[in-house]
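User: Got a chain here I'd like to walk through. Can we take it step by step?

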Amino acid sequence: MMSEPAQNPVELQVASYRSRALGTLRLFFKNGKSVVGVCLFVIFILLAVFAPLIAPYNPLSTNFTQDLSPSHTHLLGTTTTGQDIFSQFVYGTRATLTVGVGAGVISTIIGLAFGVTAGYRGGWVDNVLNFITNIFLVLPSLALLIVIES
């Protein structure tokens, strides 16, 4: 009877990583809110990629009657300058996704740099970076509180 050869330690690590990754994905997709969020994100990505095929008109064209209400020819109506609102919405998803994903990537890079620097250096550098981070966390709500208080 032959015994199985021992597995390579690298293979064991890869198998362990795959198992943890699959478990994380299962946990993620058990949450209904995360599934809805992913579905909406995919819909907007598809809308942005296939905008020329979906939008019936050029979003910059002003050849239509002004201030039309929604109809079968203009699904969301037209603007005061005669532009089709649905076409503007479809093409606008491209810019919106670009800005949103770009802002997310940039903020992740900045946060990672701050966190790694603060953790590695410690001491007064950690205190200064923590103070700066706390200022940026407070500013949006501070502006809202000032508006509400006025």
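User: Which residues does UniProt list for "domain: ABC transmembrane type-1"?
Analyst: The unreviewed UniProt entry lists residues 93–150. UniProt positions are in the numbering used here, feature names are shortened, and annotations may be inferred rather than shown by experiment.

User: What should I know about the model and numbering before going on?
Analyst: This is a predicted model, where local features need pLDDT of at least 70, side-chain atom pairs count only at pLDDT 80 or more, and totals for chains, interfaces and linings use all residues. Residues are numbered from 1 along each chain as its sequence is written, and side-chain values use heavy atoms, with hydrogens and water left out.

User: How much helix and strand is there over residues 93–150?
Analyst: That stretch is 97% helix and 0% strand. Its end C-alpha atoms are 35 Å apart. Helices (H or I, at least four residues) and strands (E, at least two) are DSSP runs, numbered from the N terminus.

User: And how many helices and strands in the protein chain?
Analyst: Five helices and zero strands. In sequence order the pattern is α-α-α-α-α.

User: What is the radius of gyration of the protein chain, against a compact globule?
Analyst: The protein chain has 25 Å, while a compact globule of 150 residues would be near 15 Å. That radius is taken over C-alpha atoms, and the globule rule is 2.2 Å times the number of residues to the power 0.38. Along the principal axes, the C-alpha atoms fill a box of roughly 80 × 60 × 25 Å.

User: What share of the residues counts as buried?
Analyst: 15% of the 150 residues. Buried means under 20% relative accessible area, exposed over 50%, and partly exposed in between (1.4 Å probe, protein chains only).

User: Switching to α2. What span should it have, and what are its end C-alpha atoms apart?
Analyst: Helix α2 (residues 32–49) has 18 residues, so at 1.5 Å a residue it should span 26 Å. Its end C-alpha atoms are 26 Å apart, which agrees. The expected span is 1.5 Å times one less than the number of residues.

User: Which residues of α2 are buried?
Analyst: S34, L47 and A48. They cover an arc of only 150 degrees around the axis, so they sit on the same side of α2. The arc is that of the directions from the helix axis to the C-beta atoms.

User: What covers them, and what is on the face turned away?
Analyst: The cover includes α1 (9–30), α3 (51–54) and α4 (85–121). The face turned away from the buried side carries the exposed residues I43 and V49.

User: What caps the N-terminal end of α2?
Analyst: N31 does. A side-chain oxygen of N31 lies 3.0 Å from the backbone nitrogen of K33.

User: Which residues does UniProt annotate as "transmembrane region"?
Analyst: The unreviewed entry gives 35–55, 95–116 and 128–148. Residues 35–55 are 90% helix and 0% strand, with end C-alpha atoms 27 Å apart. Residues 128–148 are 100% helix and 0% strand, and there the end C-alpha atoms are 30 Å apart.

User: Where does I132 lie?
Analyst: In helix α5 (residues 123–149). I132 is partly exposed, at 28% relative accessible area. The C-alpha atoms of I132 and F114 are separated by 9.7 Å.

User: What does the side chain of T79 make a polar contact with?
Analyst: The side chain of T81, at 3.0 Å. A polar contact is a pair of N or O atoms within 3.5 Å; within protein, one must be able to donate a hydrogen and the other to accept it, and residues adjacent in sequence count only if both atoms are side-chain atoms. T79 is in the loop between α3 and α4 and is buried at 17%.

User: And how accessible is G77?
Analyst: G77 has 0% relative accessibility, so it counts as buried. Not counting residues up to four places away in sequence, G77 touches L68, S69, P70, Q83, D84 and I85.

Technical notes
Contact means heavy atoms within 4.5 Å.
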